[in-house]
Amino acid sequence: MAFPHRPDAPELPDFSMLKRLARDQLIYLLEQLPGKKDLFIEADLMSPLDRIANVSILKQHEVDKLYKVENKPALSSSLVNADKLAGRTRKYKVIFSPQKFYACEMVLEEEGIYGDVSCDEWAFSLLPLDVDLLSMELPEFFRDYFLEGDQRWINTVAQALHLLSTLYGPFPNCYGIGRCAKMAYELWRNLEEEEDGETKGRRPEIGHIFLLDRDVDFVTALCSQVVYEGLVDDTFRIKCGKCHGPLLGTSHMAGLVFNEIRNEHFSNVFGFLSQKARNLQAQYDRRRGMDIKQMKNFVSQELKGLKQEHRLLSLHIGACESIMKKKTKQDFQELIKTEHALLEGFNIRESTSYIEEHIDRQVSPIESLRLMCLLSITENGDARCSLDTHYGPEHLLTFSNLRRAGLLTEQAPGDTLTAVESKVSKLVTDKAAGKITDAFSSLAKRSNFRAISKKLNLIPRVDGEYDLKVPRDMAYVFSGAYVPLSCRIIEQVLERRSWQGLDEVVRLLNCSDFAFTDMTKEDKASSESLRLILVVFLGGCTFSEISALRFLGREKGYRFIFLTTAVTNSARLMEAMSEVKA
Amino acid sequence: MDCYTANWNPLGDSAFYRKYELYSMDWDLKEELRDCLVAAAPYGGPIALLRNPWRKEKAASVRPVLDIYSASGMPLASLLVSTSDGPWGLGLDRVSSSEDSLRNLSPLQWKSGPVVSLGWSAEEELLCVQEDGAVLVYGLHGDFRRHFSMGNEVLQNRVLDARIFHTEFGSGVAILTGAHRFTLSANVGDLKLRRMPEVPGLQSAPSCWTALCQDRVAHVLLAVGPDLYLLDHAACSAVTPPGLAPGVSSFLQMAVSFTYRHLALFTDTGYIWMGTASLKEKLCEFNCNIRAPPKQMVWCSRPRSKERAVVVAWERRLMVVGDASESIQFVLDEDSYLVPELDGVRIFSRSTHEFLHEVPAASEEIFKIASMAPGALLLEAQKEYEKESQKADEYLREIQELGQLTQAVQQCIEAAGHEHQPDMQKSLLRAASFGKCFLDRFPPNSFVHMCQDLRVLNAVRDYHIGIPLTYSQYKQLTIQVLLDRLVLRRLYPLAIQICEYLRLPEVQGVSRILAHWACYKVQQKDVSDEDVARAINQKLGDTPGVSYSDIAARAYGCGRTELAIKLLEYEPRSGEQVPLLLKMKRSKLALSKAIESGDTDLVFTVLLHLKNELNRGDFFMTLRNQPMALSLYRQFCKHQELETLKDLYNQDDNHQELGSFHIRASYAAEERIEGRVAALQTAADAFYKAKNEFAAKATEDQMRLLRLQRRLEDELGGQFLDLSLHDTVTTLILGGHNKRAEQLARDFRIPDKRLWWLKLTALADLEDWEELEKFSKSKKSPIGYLPFVEICMKQHNKYEAKKYASRVGPEQKVKALLLVGDVAQAADVAIEHRNEAELSLVLSHCTGATDGATADKIQRARAQAQKK
């Protein structure tokens, strides 16, 4: 049932090199402190570290004890100072990953331990989660950049791109959309220029690179996911490629079974799994009527594989059951129907009352927020509901966050904004004022989803039933109701090899200044590499988008490689925007 | 050619020594050398002369003068001018033309205390040890670098004598104080003073002493009367050289070889002992029968040679002694000075500069009279060939018959390296090249490299450059160090030509030299900033490996801030520009550069710098024009300085953010309820100012809620504070306070629908079915009755659910009936409604045999409907 790739689909580059690189670097850092040592790891780094170097590797390099750290600077300083008080002398090394910031040193200095510790950087910025998926494991990127305007991670992104281009050759064709995409791209170009000559003359392995800001397409990320992997992520949360649901425990989200269903619409999965179960049973059943020799063969060769498959199968069936139970309880169908109505823009009143009921029932604030944002963006209207006192005052701040990030849009341009704008313009020169006005207008961006949707034909016309088993287009990841905007943009640009003819869309996306193309004239790229496309999602991408592009790749004979700051979903977006009481 | 070996002097049977002239000195000395303090650096280094050293008999009014010359006697100051206006052709011609005017450069006047000793460090810095223990360090061009002191003890007891010596760590200074104690530092670059132990019973100054370096530790060897003492860090031990002839009552001179491996001692009996520096082995001895103390004694030997010889100089006599009964004697016409080198001795006087060394093996083989060595034959063959004589063939055959042609070529190449005269080098190389023609596979490397090396050597040996390096010295020194020394002498064009000639990688070669040149260029105060910046950029362009920020830093160091800023413009890496700009207090420029770079870390660095540098108002104003920096600073304040954040918003009249700020404070910072309410009040005011009525109202509601929750806690007990309104009402209902709950709902105008959902859920949770029923009948439900059915079913109370199912409106009836599991009735209703969607919904709920009849019924109804 898994769709085979076209025979001419290009081979993916070997990303295990990145893992090896990170591991070697870590080992090098560990070996700089010879002898036995304890390792304190920040909680967020635990799972990525586990994928790079397991405990036995750490032990090999004389890591004695491993500790998990919740609050970094406070701990290291209390540790060092406690040792000082007790008169113990030890060596301390703080390893910052992916990079050390000036502020880090400042904190150490303030804690009075700057001189006691040595610092190092572990430039571990790219974690291959899959053969075609690289994650920077920077979930904070989304809030830091899109809400707080903190650009520090952009440099990290540029460094990561630089690493990729040194390892896999230059990218002959570059496209991008979004303010952050442009900045990251320019920074990266600077890096390349500084280290001129290293990548020159290398044959490019990856023909295209496409950078995309998350805020270009919030809608897709806000939708409930119905592709299996996305659904599992929505329900149980996949972290670092491992599922942290109660059911799957920490089982690795890989294996044959999973590869076959991950990109499938959920409605197909159960049927597939039961078919698989039947096959498995049949294979078990072959035992009957075997003679001793055959039996021996069977036990020694096939049984282990079958058992493994059996175990995975039962895991996934369990997951499916659990998902079904959850989804039916809250009337998942109803929810999906409402979402589709919002995307298509009909029955708005019904949808609005559904959302109101959702709020009235106080099912989950995060879900309610998500639906409100979806309503607000798709309808380009203000979905102001008096939610705050009903959920707690901190959500008043959440609202203002959502508005600032452009997840909640306003009908009328905010007065406050224009007031500030005019005030600032008075203070600075005309040119700068122009820039600032741009910045503000992009801040106060209004969503033009409906118009964009029409231009890009995001809502496929359905004649009769959409057969989810045989997808026709990328819309299958949303039950045939909606083609993810982000993926459609990528498709269109790749088709045209530029933004030509998409001016109107770009304008509607408020990205007129931030859509760029950059082609090198050199024609060294092989036709195979030209069908390899690196898509960079700044602010996170969802499994649905990955599935959709994988589908597109199969249709057109491309292979997509995904580089994302983190894998995200609607709940993570909302949580990132929420103010939480400490 | 016959007389080629005329200046060869045999010492014993196996070795020849030769002395040849390097330069005729052109320095026009007015004084005798003996009237000066002299220091000459090894490896053909510069010569420092301190004229009029402090002599008791001289009048104090005569100031001593320090002169520094190259090995060829050129005043080094002349070199300074030769490149100062940057002739980018060869600057060499200019040297000679402007030479005369340079003679009149005002000499360095010594203004400090009396100098006891001079010496050159390995970096060619001149160390002047003063009587008070202060050591002044000068550059090659007489520019003062720094000074350091050899300690209090030395200051008190004054310096009696001092030596500068070289170790693998750098250059060391050893001092003998007036109290006859030794203090030394093994490396002046990393000054660590070491006071050596006392020599027991030492009453007067030792007759001679030297610093030794063994096993990476510096020692002092001194002679007192007939005794020798070795001082190390810990102890003073008496030592005796093995095999020393009897009758010695005093040692007059001692000499350590260039590599510290050998030691020579000259006694008052005119006897010379030569042995290892460890004093464990004697090599040879010699009795010269001259009792007068020699002026200088130095070792003269070359690496990998078995011959050991010592050169001893008296006023008018020079003697080379070794393991032979006879010595070689030279007459000195003038007052001369010896400089020990790695492979020989340089001897300079007022008029000449000579080199005395053991003739290298290859040269000896080739040029020895009547030599039949293959190299000698090859040289002969080549000469005959040039004469077009058939003898050439004979010689060649002779070599080839012996199978020694390869060896012959190698010999010629090697010998060429040791020749000083280009003519001789050429003829040897020509011979080698000639011989190579008759060899099949002779690797060309050695020949090519020798040609290149000789070309470089001849260039630096030139009179104008004055670095008389021998081949062995050059190899020991390495090309990198040689380039450094050329740069140090400001011979940039020559250095660059050498780099280009040897095709050294740009980063190590040309770029580095250009960077040095630029650093020197910025020191020229008489050229305008624009011109300097332009000149530097023209020359350097985008040469890889050149750091404009380093050059700018140098310019800033010379006090040329504007020039530094201009130079920084050429620096492509912002990360390199910013720190210097900060250092120059151009923080605002630094800020915009940092922002341009897109490196937030850099921006952050500048921000914190600015914050300390500017007053608050200016700082905020600066931020205003830089949105990116502002947002970064806000981030910082959020974590570190909340109060500043408030001020920032206040300044911008950003009431919206101020409101948010106070909201956050209301639950994060304030503990007491009064404080929290006050914070909320401030927030509400701010929101009003921001014209955000919605937020203001919501905030006011929150204030009311807080107060009310407080009252509830006081009156009812339990936990109410910080619950949301919804949870507060729910808690009240769960606690049975229905009246209060309703009051609250009215007060806060909770929409009816929401209240009904809330009550319904709460009562069902309580399983208070009676109250629920009462509630359901209190008035017509604004949310219909389907939710009642749902919630009851959630609590698994089918009985109650059915009650409400009957009350559900017709459009939701089917759903309700299906929820309570009454498929049959649901089917009836759906058929009655003739609603296709409902029918299929019911059908999908028909499972197994039990609902078979119902399913059939629906199918029939459908069929009927279609017929119609």
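**Close-up views of a two-chain predicted model**

**View 1. Chain B as a whole**. Among contacts in chain B between residues at least 6 apart in sequence, 51% join residues at least 24 apart; contact here means heavy atoms within 4.5 Å. This is a predicted model, where local features need pLDDT of at least 70 and side-chain atom pairs count only at pLDDT 80 or more, while totals for chains, interfaces and linings use all residues. As for bookkeeping, residues are numbered from 1 along each chain as its sequence is written, chains are lettered from A and ligands numbered from 1 in the order in which they are written, and side-chain values use heavy atoms, with hydrogens and water left out. Chain B has 35 helices and 29 strands; these are DSSP runs numbered from the N terminus, with helices being H or I of at least four residues and strands being E of at least two. Of the 868 residues in chain B, 54% are buried (buried means under 20% relative accessible area, exposed over 50%, partly exposed in between, using a 1.4 Å probe and protein chains only).

**View 2. Helices α5 and α6 of chain B, packed against each other**. Helix α5 (residues 374–386) and helix α6 (residues 391–401) of chain B pack at an angle of about 160°, with their axes 7 Å apart. Axes are lines fitted to C-alpha atoms, for helices over the stretch in contact, and angles run from 0 to 180 degrees between N-to-C directions. That angle is why α5(B) and α6(B) count as roughly antiparallel (over 145 degrees; under 35 is roughly parallel, 65 to 115 roughly perpendicular, and the rest oblique). The crossing of α5(B) past α6(B) is left-handed, which is the label when the near helix is turned anticlockwise from the far one by less than a right angle, with clockwise giving right-handed. On the α5(B) side, the contact includes B:L377, B:L378, B:A381 and B:Y385, and on the α6(B) side it includes B:A392, B:Y395, B:L396 and B:I399. UniProt, in an unreviewed entry, places the feature "coiled-coil region" at residues 378–405 of chain B; its positions are given in the numbering used here, feature names are shortened, and annotations may be inferred rather than shown by experiment. In the model, the end C-alpha atoms of residues 378–405 of chain B lie 8 Å apart, and the span is 75% helix and 0% strand.

**View 3. Helices α15 and α17 of chain B**. Here α15 (residues 548–557) and α17 (residues 574–583) of chain B pack at an angle of about 10°, with 10 Å between their axes. That makes α15(B) roughly parallel to α17(B). From α15(B), B:S549, B:A552, B:A553 and B:Y556 meet B:E576, B:L580 and B:K583 of α17(B).

**View 4. Helices α1 and α7 of chain A**. In chain A, α1 (residues 16–31) and α7 (residues 152–168) pack at an angle of about 115°, their axes 11 Å apart. The pair α1(A) and α7(A) is therefore roughly perpendicular, and α1(A) passes α7(A) in a right-handed crossing. The α1(A) residues A:M17, A:L18 and A:L21 meet A:L163, A:L164, A:L167 and A:Y168 in α7(A).

View 5. Most residues other than glycine have a negative phi, and most peptide bonds are trans.

View 6. Not counting residues up to four places away in sequence, B:E657 touches A:R404 and B:Y649. Leaving aside neighbours within four places in sequence, B:V829 is in contact with B:K813, B:V814 and B:L817.
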